[in-house]
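Here is a short briefing to read with the model open beside you. Take it one topic at a time, and keep the sequence handy.

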Amino acid sequence: MSTPTYPVQIPADPGPLTQLRTALSRINAMCLVELQKLRHDRTELITRAVQPTLWLLVFGQVFTRIHAIPTGNTPYLDFLAPGILAQSALFIAIFYGIQIIWERDSGVLSKLMVTPTPRVALIAAKAFASGLRAVVQALAVMIVAALLGVHLDLNPLHFLGVIVALVLGSACFCCLSITIAGLVLSRDRLMGIGQAITMPLFFASNALYPVELMPTWLQVINHINPLSYEVEALRGLLVGTPARLTLDFGVLVLAAAVMISLAAALLPRLTRG
């Protein structure tokens, strides 16, 4: 007696357009989740805005009065404000890896990994969600800066550029945090490393002082620091100082793409850990 055979249905390979739609859908969902978190916990925005506000109120006001840092025709407080915007976004993004470790410990990450969503899309969703949070906080910091007398360019196109720069910078440093999480596999270790690299990234950028004032070795680090290009773009768009916007955005796009790829490559190791 012959055994009956049945045709096996092999699922069709999704095309690139289907994968792109899936990735955009996941990114949109993650951003909506981030907005829901902010809506339910508005006090976090206030508490996170305290530190950048203190930088503007104390550091900015003091150094404006003593004229210790030459910034040409640009008042020092105007020069500082874009750097503080970038700093606040950095401080949010650099600890985003803690959230993904929590998701691993609670089993959420394992469930996400078995969905048909590409790993790159999962990481990109996290990255752009952190960028959305950074933009919301930046609005609060910009209001404080305007109240302190900072002359901000409110051109809608420039403001759109500010949003893009903040999102790309946050995506880069968020994925750096996820990459570190994939290497250390521990919240405590990640917290220690995040604290160790945050201030060097900040002080090795042009956020507080012009590049010309840096020693030669620090200028070299500044040129490979993505935060410097983010600050230069923000400063050019908001205050009108000279900026190489094509180079700035090009570096930010490249840095974000590289870090998203690295974080996606290490995501399975984080799940196994």
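Setting aside neighbours within four places in sequence, Ser170 is in contact (heavy atoms within 4.5 Å) with Ala89, Ala93, Ser130, Gly131 and Ala134. Ser170 lies in helix H7, and its relative accessibility of 1% makes it buried; buried means under 20% relative accessible area, exposed over 50%, and partly exposed in between, using a 1.4 Å probe and protein chains only. Please bear in mind that this is a predicted model, in which local features need pLDDT of at least 70 and side-chain atom pairs count only at pLDDT 80 or more, while totals for chains, interfaces and linings use all residues. Residues are numbered from 1 along each chain as its sequence is written, and side-chain values use heavy atoms, leaving out hydrogens and water.

**The overall picture**

- The protein has 11 helices and zero strands; helices (H or I, at least four residues) and strands (E, at least two) are DSSP runs, numbered from the N terminus.
- Read from the N terminus on, the elements run α-α-α-α-α-α-α-α-α-α-α.
- Of the 273 residues of the protein, 47% count as buried.
- Look at contacts between residues at least 6 apart in sequence: 79% of them join residues at least 24 apart.

**H3 with H7**

- H3 and helix H7 (residues 156–184) pack at an angle of about 35 degrees, and their axes are 8 Å apart. Axes are lines fitted to C-alpha atoms, for helices over the stretch in contact, and angles run from 0 to 180 degrees between N-to-C directions.
- H3 passes H7 in a right-handed crossing. A crossing is right-handed if the near helix is turned clockwise from the far one by less than a right angle, and left-handed if anticlockwise.
- On the H3 side, the contact with H7 is made by Leu85, Ala89, Leu90 and Ala93, and H7 brings Leu166, Ser170, Phe173, Cys174 and Ser177.
- Sorted by class, this contact of H3 with H7 has seven nonpolar, two polar and no charged residues. Here Ala, Val, Leu, Ile, Met, Phe, Trp, Tyr, Cys and Pro count as nonpolar, Asp, Glu, Lys and Arg as charged, and the others, Gly among them, as polar.

**H3 with H8**

- The axes of helix H3 (residues 76–93) and helix H8 (residues 187–203) come within 11 Å and cross at roughly 160 degrees.
- H3 and H8 are therefore roughly antiparallel to each other; angles under 35 degrees count as roughly parallel, over 145 as roughly antiparallel, 65 to 115 as roughly perpendicular and the rest as oblique.
- The crossing of H3 past H8 is right-handed.
- Gly83, Ile84, Gln87, Leu90 and Phe91 of H3 make this contact with Thr198, Met199, Leu201 and Phe202 of H8.
- The contact of H3 with H8 has six nonpolar, three polar and no charged residues.

**H4 with H6**

- Helix H4 (residues 96–106) packs with helix H6 (residues 119–147) at an angle of about 130 degrees, with the axes 11 Å apart.
- H4 and H6 are therefore oblique to each other, and their crossing is right-handed.
- The contact is made by Tyr96, Gln99 and Glu103 of H4 and by Lys126, Ala129, Ser130 and Arg133 of H6.
- The residues of the contact of H4 with H6 divide into two nonpolar, two polar and three charged.

**Helix H10**

- Helix H10 (residues 226–238) has 13 residues and reaches 18 Å from its first C-alpha to its last, close to the 18 Å expected at 1.5 Å a residue; the expected span is 1.5 Å times one less than the number of residues.
- Because 13 of the 13 residues of H10 are buried, this helix is largely enclosed by the rest of the structure.
- Just after H10, Gly240 takes a positive phi of about 90 degrees.

**Partly exposed residues to look up**

- Ala140 lies in helix H6 and is partly exposed at 30% relative accessibility. Ala140 and Ala49 are 91 residues apart in sequence and 7.0 Å apart in space, C-alpha to C-alpha.
- Leu185, in the loop between H7 and H8, counts as partly exposed at 24% relative accessibility. Phi of Leu185 is near 60 degrees, a positive value in a residue other than glycine.
- Gln61 is found in helix H2 (residues 43–66) and is partly exposed, with a relative accessible area of 26%. Leaving aside neighbours within four places in sequence, Gln61 is in contact with Leu56, Leu77 and Leu148.
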